[in-house]
Amino acid sequence: MGFPDPNPSSRGQAAAPDFDAAHFRRALSQFATGVTVITTRAFRQSPADAPFVGITASSFNSVSLDPPLVLWSMAHAANSLPMFRGGSHYIVNVLAATQLDLCQRFATLKGDRFAGVDYRLSATGLPILSNALAWFECHNRSRYDEGDHVIFVGEVERCGVHDSGGLPLVFQGGTFWTTNPLRD
Ligand SMILES: Cc1cc2nc3c(=O)[nH]c(=O)nc-3n(C[C@H](O)[C@H](O)[C@H](O)COP(=O)(O)O)c2cc1C
């Protein structure tokens, strides 16, 4: 005796959603995330003058310790998608609460997002943002088209942690926060 299939006619295929996009977004936004800026460069141009590109992304998460894998996803509509798809590496920079300006800059600015921003270059020549809480230099291992996004899985070649132990930037319910310990 098993449980009856609640909807035998849709076995193997999801039923149409019973909600609209705004409701889905509101529900998803209850999940608190950190905020990252992911950087690469337009590798298809010659390395010397390949411009840097970067976007704000909250879809970052860990996947595997051995091998060290992380994931994030990017909208098909993003202008820099071809650069991230085609590049061999990218850097995931984990933002501190003091870096809200960078979060907004890399989400909205149309011009050179790196102008006036402090960074140093990684082993593969990509921008590591100064004062990021942590950074992960990833080989662009695999990409999966799903719906209106591409899921990127990166294999981490190098990573670093900022010594200051600063507070993280947190995004939840459409608002930016930082953390407070519930217990000491
Ligand atoms: C807090 C926050 C989180 C975001 N997370 C993502 C994300 O995970 N994936 C994504 O594609 N866009 C995300 N965005 C939107 C991009 O940062 C934004 O569309 C950016 O302008 C894309 O740059 P581009 O069009 O130059 O590639 C986020 C924006 C904000 C403010």
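How many positive and how many negative side chains does the chain have, and how far apart do the centres of the two sets lie? The chain has 14 positive and 16 negative side chains, and the two centres are 3 Å apart; Lys and Arg count as positive and Asp and Glu as negative, while His and the chain ends are not counted, and each charge is placed at NZ of Lys, CZ of Arg, CG of Asp or CD of Glu.

## Basis of the model

This is a predicted model, in which local features need pLDDT of at least 70 and side-chain atom pairs count only at pLDDT 80 or more, whereas totals for chains, interfaces and linings use all residues. Residues are numbered from 1 along each chain as its sequence is written, and side-chain values use heavy atoms, with hydrogens and water left out.

## Overall form

The chain contains three helices and twelve strands, taken as DSSP runs numbered from the N terminus (helices are H or I with at least four residues, strands E with at least two). Its C-alpha trace spans about 65 × 45 × 35 Å along the principal axes.

Of the 184 residues, 33% count as buried, where buried means under 20% relative accessible area, exposed over 50% and partly exposed in between, with a 1.4 Å probe and protein chains only. Where contact means heavy atoms within 4.5 Å, 63% of the contacts between residues at least 6 apart in sequence join residues at least 24 apart.

## Two nonpolar cores

A nonpolar core is a set of buried Ala, Val, Leu, Ile, Met, Phe, Trp, Tyr and Cys residues joined through side-chain atoms within 4.5 Å. The largest one here has 15 residues, and those with the most contacts inside it are I38, W72, M74, F84, Y90 and F152. At least two residues of this core come from each of β3 (52-57), β5 (69-75), α2 (81-86), β6 (89-94) and β10 (149-161). Residues up to four places away in sequence aside, the partners that F84 touches include I38, V53, I55, W72, M74, Y90 and F152.

A second, separate core of ten residues includes L95, C103, V117 and L169. L95 lies in the loop between β6 and α3 (100-108) and is buried, with a relative accessible area of 0%. Beyond its neighbours within four places in sequence, L95 is in contact with V35, T36, V37, C103, L129, L133, P168 and L169.

## Cysteines

A search of the whole structure finds zero disulfides, a disulfide being a pair of cysteine sulfur atoms within 2.5 Å. C103 is in no disulfide, and its nearest cysteine sulfur, that of C138, is 19 Å away; C103 itself is buried, with a relative accessible area of 4%. C138 also counts as buried, at 0% relative accessibility, and its sulfur is 9.1 Å from the closest cysteine sulfur, in C159, which is too far for a bond.

## Loops and backbone features

The peptide bond from D66 to P67 is cis, with omega near 5 degrees, and P67 is found in the loop between β4 (61-64) and β5. In the loop between β8 (127-129) and β9 (134-146) is N131, which has a positive phi of about 70 degrees although it is not a glycine.

S122 is placed in the loop between β7 (119-121) and β8 and is buried, with a relative accessible area of 10%. Not counting residues up to four places away in sequence, S122 touches I91, I128 and E137. The C-alpha atoms of S122 and C159 are separated by 10.0 Å, although these residues are 37 apart along the chain.
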